[in-house]
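Please keep the sequence and the structure in view while reading.

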Amino acid sequence: MRGCLIILRRELWGFLGSLTGYVIMAAALMFLGLGFVVMLLAYNGDAIDVPLTELFYGTMFFWLILLVTTPVTTMRLFALERSSGTFETLMTVPVGDAQVVLAKYAAALLFCVIVWLPLAGCLRLVHHYTAPGIPFDWQPVATTYLGILLLGALYTAIGCLASALTRSQIIAAMTSFAIGVSLFLLSFLKFSVGRRTGLASKIATYVSLFDHMEDFVRGVVDTRHLVFYASLTVLFLFLTLKVVESRRWR
Amino acid sequence: MWSGRDQDATQSRRDAPLCLPVRASIMSKARTQPMIEVERLTKRFGRRAAIDDVSFTVAQGEIVGLLGPNGAGKSTIMRILACFMPATSGSARVAGLDVFRQSDAVRRRIGYMPENNPLYPDMRVCEYLKYRALLKGLTSRESRVRVDAVTQQCGLIEVSRQVIGSLSKGYRQRVGVADALVNEPALIILDEPTIGLDPHQIRAVRQLILELGRQHTILLSSHILPEVEMTCQRVLIMHQGRVLAADTTRNLQERLSGGMQVVAEIEAPLRELLECWEQTDEIERHDVTASDSGFFRCMLTPRAGVDLRPLVFDMVRSHGWRMRELTRSCHSLEDVFVHVTRPDREEEIV
């Protein structure tokens, strides 16, 4: 586990000690700001009875940030090591493959959470000006962050897999973007099977990432969503580990 | 062929004395045990065999060179020994530990610098060495001591605060070697340590390797012959995945040449000269070419084991000719290499 922490520290430093990390953060911040501008213009002056987080979620900027930043964050994890050859020095130290995968994954996930931190600030700010005197409701914010953590965990795992598959960072980013967007678009499958009931509609609802997230932004934590995200994340991480280990049997 | 219970049994027997608290027995055991034992090692990539049935041993404290053209399988052997990937069949042991089954223990005992010396360009030299030392299982305090030691040993003190990306290639190579040394390994594996360096840097790295050879066992690879000739005590010549010759540099030279050719530049009438060589029994073959200002250059191949030089001198003196050169040509490793790797000779020499 010690090796894991050492690699994690180094990877996190790779994000925070270089310009790339800040460019990603700046881009995310810009989308976040745009999202809030759109939201405030749309509900200008109206009294509304839904949590702010749900309003923001409705603007779709939430998904834009998630779909764009995670592939860019994760693309370097393995692809850069492979292309520069440091993969070999990393894989010949007395640290297991699983630990290396876990460390890199954890670093990317931590960075992903850091990227989302300004959201809380924006929410607080909007609350301050729109509802003076009413106490700030932290519960939907906390569950939203839990949702972001879970969704981020899934998308980071996808990014890890894509990065482990290739030595080109661009290809890694494009692959994880493609998988990520496809998964997201499955959310709209229910509209095409819409009226019909039965298995097809059940499946369509189950694979809908959009619906899974919706409960979190409303302040509801449902174990079904937890299981859904966690199982997919574990699957993608397992595949990543197998790809990293594949040098042994190739 | 990772087979056999027996192998496990011998393995545990072999390890047993190492667990004893008696230091003397550890030392004597360590002396006798070879550092590297490779037996019938084969690695296939698809249908192509990168290395094919390779066996060799390296004793403690030796500097051994793997020599061969590109694609001969040098890097593959090194990667297997460094536990980067397992072999298809056969066994490899480092300090008595199986590289596949006891990979973790082996990794702690080796320092490996891969081909092209990959480093993280965004890190400072001292940061990088510290990071590598911690990864290799040193404690924070140990790593501080070791990083200081290797920084000094590899002449990196003046650049230790610099970012690796800004260093010259010679310095980067030293950082790679320092990384390999940082965990005080028993065995150092260097894949093409001098590739891409200028002559000054090559000399510096070579000097470093020779110094390291006093305390460590070193396995290095190269396709540059003088390199290996100068640094290594023993050479394994590889070609197309097989070891074609394994011996000390000196033995290899002698084995090839049989006797050594003598070159003499003599000023004499050509006919007399030729006649003279033909009548001497000790000379197996002669080859005379005209040189400048009346001299002839004679290449004389002796029958086995004869030193022709006194003979030639006597002959020149008795005829009253003039001579301006008399040397015995030593076959360089380059000749051995070309000779050994010639396709039609492969079978004979082993």
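Asn116(B) lies in the loop between E6 and H5 of chain B, where helices (H or I, at least four residues) and strands (E, at least two) are DSSP runs numbered from the N terminus. Asn117(B) lies in the loop between E6 and H5 of chain B as well. Phi of Asn116(B) is near 65 degrees, a positive value in a residue other than glycine, and for Asn117(B), also not a glycine, phi is positive and near 45 degrees. Most residues other than glycine have a negative phi. Burial is judged by C-beta atoms placed from the backbone: a residue with 20 or more others within 10 Å of its own is buried, one with 12 or fewer is exposed, and anything in between is partly exposed.

| Residue | Other C-beta atoms within 10 Å | Class |
|---|---|---|
| Asn116(B) | 14 C-beta atoms | partly exposed |
| Asn117(B) | 23 C-beta atoms | buried |

The model is predicted, and local features are reported only at pLDDT of at least 70 and side-chain atom pairs only at pLDDT 80 or more, whereas totals for chains, interfaces and linings use all residues. Residues are numbered from 1 along each chain as its sequence is written, and chains are lettered from A and ligands numbered from 1 in the order in which they are written.

Chain B has 14 helices and 14 strands, and of its 350 residues 39% count as buried. Two residues are taken to be in contact if their C-beta atoms, placed from the backbone, lie within 7 Å; among the contacts in chain B with a separation of 6 or more, 68% are between residues 24 or more positions apart. Helix H7 of chain B (residues 169–181) has 13 residues and reaches 18 Å from its first C-alpha to its last, close to the 18 Å expected at 1.5 Å a residue, the expected span being 1.5 Å times one less than the number of residues. H7(B) is mostly covered, with 11 of its 13 residues buried, and these include Tyr171(B), Arg172(B), Asp179(B) and Leu181(B). Among the elements that cover the buried residues of H7(B) are strand E6 (110–113), H5 and helix H6 (140–153) of chain B.

Confidence in chain B is expressed as pLDDT, the predictor's confidence in each residue from 0 to 100. Chain B averages a pLDDT of 81, and 83% of the residues score at least 70. The model scores ipTM 0.87 and pTM 0.80.

Chain A has 14 helices and 0 strands, and 39% of its 250 residues count as buried. Along its principal axes the C-alpha trace of chain A spans about 60 × 45 × 30 Å. Helix H9 of chain A (residues 138–165) has 28 residues, which should span 40 Å at 1.5 Å a residue, and its end C-alpha atoms are 40 Å apart, which agrees. Because 21 of the 28 residues of H9(A) are buried, the helix is largely enclosed by the rest of the structure. Val234(A) lies in helix H14 (residues 223–245) of chain A, and its C-alpha atom is separated by 8.3 Å from that of Leu154(A), 80 residues apart along the chain.

A nonpolar core is a set of buried Ala, Val, Leu, Ile, Met, Phe, Trp, Tyr and Cys residues joined through C-beta atoms within 7 Å. The largest such core has 140 residues, and those with the most contacts inside it are Cys160(A), Leu81(B), Val94(B) and Ile189(B). H9(A) gives the most to this core, with 13 residues. Apart from it lies another core of 12 residues, among them Val262(B) and Cys298(B).

Where the chains meet, 16 residues of chain A are in contact with 20 residues of chain B. The elements that give two or more residues to the chain A side are helix H1 (2–16) and helix H6 (86–90) of chain A.
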